[in-house]
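Trainee: I have a chain open and would like to talk it through with you. Could we begin with the overall picture and then go into details?

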Amino acid sequence: MNLWPWQKWVLLHALELNPDGTYRFRTVVLLVARQQGKSTLMLVLSLWAMYVQGAPLVIGTAQNLDIAEEQWAAATDMAEAVPELASLIKSVDRTNGKKALVLESGERYKVAAASRRGGRGLSGDLVLLDELREHQNWQAWGAVTKTTMARPRAQVWAASNAGDLTSVVLRHLRSLAHRALGWPDGQEGMADIGEVPEATDLEGGADQSLGLFEYSAAPGRGIWDRDGWAEANPSLGYMVPEAAIASAAGTDPEHVFRTEVLCQFVNHAATGPFPTGSWKASTVDRVTRDTKRPVEYAVDLDHDRVMAYIAIAFWDTLGRRRVEVAAQRVGTDWIIPWLTSPKRKVPVNRITLQTRGAPITSMLPAFEEAGIEVAPWEGVSLAGWHGTFYDFIRAAAADDADGDEVDVTKLPLTHGAQPALDVHAQSAVIKPLGDGWAIDRKNSPNGAAALVAAIAAVGQLETAPAVVASAYEDNDLMVV
């Protein structure tokens with residue numbers, strides 16, 4: 001097999017070794033436009049790892065299990081078609097859900113689902129993740145990549161073309177690499193990953209174990225810029241004709257062409273209900289809770305009933321309201337055990353939720369049976385709490401519009417940098433509700449339940465009675 005020059009270059013450099021024989025990069029992220037041959041590169045890598053390096057276990061995964069199984073099938077077919085490789089095969093299991101290629105010397109290539117359970121119980125030496133752009137949370141990444149923790153010569157390879165706002169994992173990893181390189185493309189549109197921790201040694205520490213191999217058009221390239229085509233399509237002229245790219249440029253919507261062909265990150269989702277820049281401007285990483293003031297919990301469920309979120313709202317010691325996503329999981333069975341767990345640092349006195357016309361409404365009998373007080377969110381409060389939350393977030397944009405840096409100590413509401421809440425807040429769609437509006441769960445492209453729960457928690461916080469100071473607790477006691 002003759003690889004294209006760019007494929008050879010990536011393999012040579014991504015497989016560089018440290019002086020002790022371990023891989024320079026434990027995590028390799030490959031970003032390249034569609035149809036450039038990244039699947040072929042991964043195929044060669046998987047067979048090389050098994051036959052040449054003797055890697056005990058190769059794990060292939062993708063957001064769609066069919067894609068991972070197709071890659072496994074291609075590698076297996078090649079191994080069976082080459083006599084030198086076929087003679088070393090012990091068995092091939094093509095059973096759905098159990099696909100495995102096993103060599104006489106014990107090396108295995110298995111397929112795992114990209115889920116919170118994928119790969120658990122295994123110890124992988126090479127983990128392949130395709131279409132990383134589709135990972136909208138950290139569950140699958142956390143499950144399968146941690147199979148390499150006890151393997152000194154293990155690697156995780158993640159391949160994809162550019163993603164969008166919802167590509168939580170890919171955006172984070174790319175931002176880590178760009179930060180280490182001094183933000184070569186600027187920070188616009190990058191994930192909010194904070195500052196470099198003081199303990200991180202960029203001259204040879206943990207950040208250097210991440211390798212980013214990115215083929216993307218430079219910022220500012222027009223869709224008809226031929227140099228931009230070449231930057232993102234390293235197989236141009238080898239297997240991708242220029243005419244094919246020209247045809248796509250002439251027919252695709254611009255955001256599609258930039259993502260798929262120029263490999264540029266584009267947020268083509270909705271911009272969310274808040275003024276531009278206001279959500280980011282109201283982000284504050286850490287706060288200290290005012291323990292003398294109330295804490296409120298709220299819960300909401302996405303329209304498709306897949307993911308549920310619990311939000312918590314409280315006051316910090318600077319007198320600002322604070323909202324965070326306290327928990328998120330699939331389904332609803334976990335909600336009541338989570339709320340009633342004795343491990344809660346802050347006891348749950350009540351839970352706020354929309355009690356009419358919302359997916360979470362179906363849980364009302366379960367809350368009643370569990371003895372959990374439900375604070376109903378309905379009627380005029382629906383539009384009213386949405387408007388209040390909007391005003392709090394808009395205050396950050398109004399401050400920023402003066403040209404001065406936002407004074408975060410004076411913000412009426414802050415939140416942390418949480419991917420689930422950030423995505424919903426920056427892409428949710430609204431719908432009319434009387435003279436006001438509310439979040440439209442059904443038509444929000446990336447879901448909206450995390451944001452809805454946050455709005456409910458803050459709204460309930462506003463209605464909660466203020467804590468009256470006690471003369472006995474806050475002042476010296478004098479007996480007369």
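Trainee: How many of the contacts join residues at least 24 apart?

Mentor: Among contacts between residues at least 6 apart in sequence, 68% join residues at least 24 apart, where a contact means heavy atoms within 4.5 Å. Keep in mind that this is a predicted model, in which local features need pLDDT of at least 70 and side-chain atom pairs count only at pLDDT 80 or more, while totals for chains, interfaces and linings use all residues. Residues are numbered from 1 along each chain as its sequence is written, and side-chain values use heavy atoms, with hydrogens and water left out.

Trainee: And what share of the protein is buried?

Mentor: Of the 480 residues, 48% count as buried, with buried meaning under 20% relative accessible area, exposed over 50% and partly exposed in between (1.4 Å probe, protein chains only).

Trainee: Switching to salt bridges, how many are there?

Mentor: The structure holds 22 salt bridges, each being a side-chain nitrogen of Lys or Arg within 4 Å of a carboxyl oxygen of Asp or Glu. One of them joins the side chains of Asp-130 and Lys-38 at 2.9 Å, N to O. Asp-130 lies in strand 6 and Lys-38 in helix 2 (residues 38-51), so the pair ties together parts that are 92 residues apart in sequence; helices (H or I, at least four residues) and strands (E, at least two) are DSSP runs, numbered from the N terminus.

Trainee: Are those two buried or exposed?

Mentor: Both Asp-130 and Lys-38 are buried. Another bridge pairs Asp-125 with Arg-151, whose closest N and O atoms are 3.5 Å apart. Asp-125 sits in the loop between strand 5 (108-111) and strand 6, and Arg-151 in the loop between helix 5 and strand 7 (155-160), 26 residues apart. Asp-125 is buried at 11% relative accessibility, whereas Arg-151 is partly exposed at 27%. Salt bridges that share partners also join Lys-38, Asp-130 and Glu-131 into one network.

Trainee: What is the phi of Glu-131?

Mentor: The phi of Glu-131 is near 55°, a positive value in a residue other than glycine. Most residues other than glycine have a negative phi. Glu-131 is found in the loop between strand 6 (126-130) and helix 5 (139-145), and its relative accessible area of 17% makes it buried.

Trainee: Last topic: which residues of helix 8 are buried?

Mentor: In helix 8 (residues 242-251), the buried residues are Ile-245, Ala-248 and Ala-249. Seen down the helix axis, they fall within an arc of 100°, so they line one face of helix 8, the arc being that of the directions from the axis to the C-beta atoms. They pack against helix 7 (226-232) and helix 9 (254-260).
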